[in-house]
Amino acid sequence: KKTFQGPFKACHEVVPPRDFYRNCLYDVCISDGAKKILCQVLEAYAATCKKRGAIVHDWRTPSGCRKWWSSSLVRE
């Protein structure tokens, strides 16, 4: 069995990453490796984890994803 580490470690038992991982792989591949897609999938996983009470550590720094506010499109 694979052991997960990193910023989502506490979430994996609450929200299994398998479907997010598969969707990410597919979406990033058909988008020719677009980092924007990777960041969107990670954002969705982080939001789902937080909604279910899991602690999510900083995932943006290691992934290189900046935070965007969708309502105003202002970078943080």
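Me: Which residues of α2 are buried?
Reply: In α2 they are Ile-37, Cys-39, Val-41, Leu-42, Tyr-45, Ala-46 and Cys-49. Buried means under 20% relative accessible area, with exposed over 50% and partly exposed in between, using a 1.4 Å probe and protein chains only. The model is predicted, so local features need pLDDT of at least 70 and side-chain atom pairs count only at pLDDT 80 or more, while totals for chains, interfaces and linings use all residues. Residues are numbered from 1 along each chain as its sequence is written, and side-chain values use heavy atoms, leaving out hydrogens and water.

Me: What makes Tyr-45 count as buried?
Reply: Its relative accessibility is 4%, and the cut-off is under 20%; therefore Tyr-45 counts as buried.

Me: What covers the buried residues of α2?
Reply: The cover includes α1 and α3 (60-63). Helices here are DSSP runs (H or I, at least four residues), as are strands (E, at least two), numbered from the N terminus.

Me: How do you know that the span of α2 is close to the expected one?
Reply: The expected span is 1.5 Å times one less than the number of residues. With 17 residues, α2 reaches 24 Å from its first C-alpha to its last, and 24 Å is expected.

Me: Why is the pair of Phe-8 and Tyr-45 called tilted?
Reply: Rings of Phe, Tyr and Trp (its six-membered ring) pair if their centres lie within 6.5 Å; planes under 30 degrees apart are stacked, over 60 edge-to-face, and the rest tilted. Here the centres are 5.1 Å apart and the planes at 55 degrees, so the pair is tilted. Phe-8 lies in the segment before α1 (18-30) and Tyr-45 in helix α2 (residues 35-51), 37 residues apart. Phe-8 is also buried, at 9%.

Me: Which residues do ring pairs link into a cluster?
Reply: Phe-8, Phe-20, Tyr-45 and Trp-59. The whole structure has 3 aromatic pairs.

Me: What joins the side chains of His-12 and Tyr-45?
Reply: A polar contact of 2.9 Å. The term requires N or O atoms within 3.5 Å; within protein, one must be able to donate a hydrogen and the other to accept it, and residues adjacent in sequence count only if both atoms are side-chain atoms. His-12 is in the segment before α1 and, at 16%, counts as buried.

Me: Which element has the highest mean pLDDT, and which the lowest?
Reply: α2 has the highest (88) and α1 the lowest (80). pLDDT is the predictor's confidence in each residue, from 0 to 100.

Conventions
Contact means heavy atoms within 4.5 Å.
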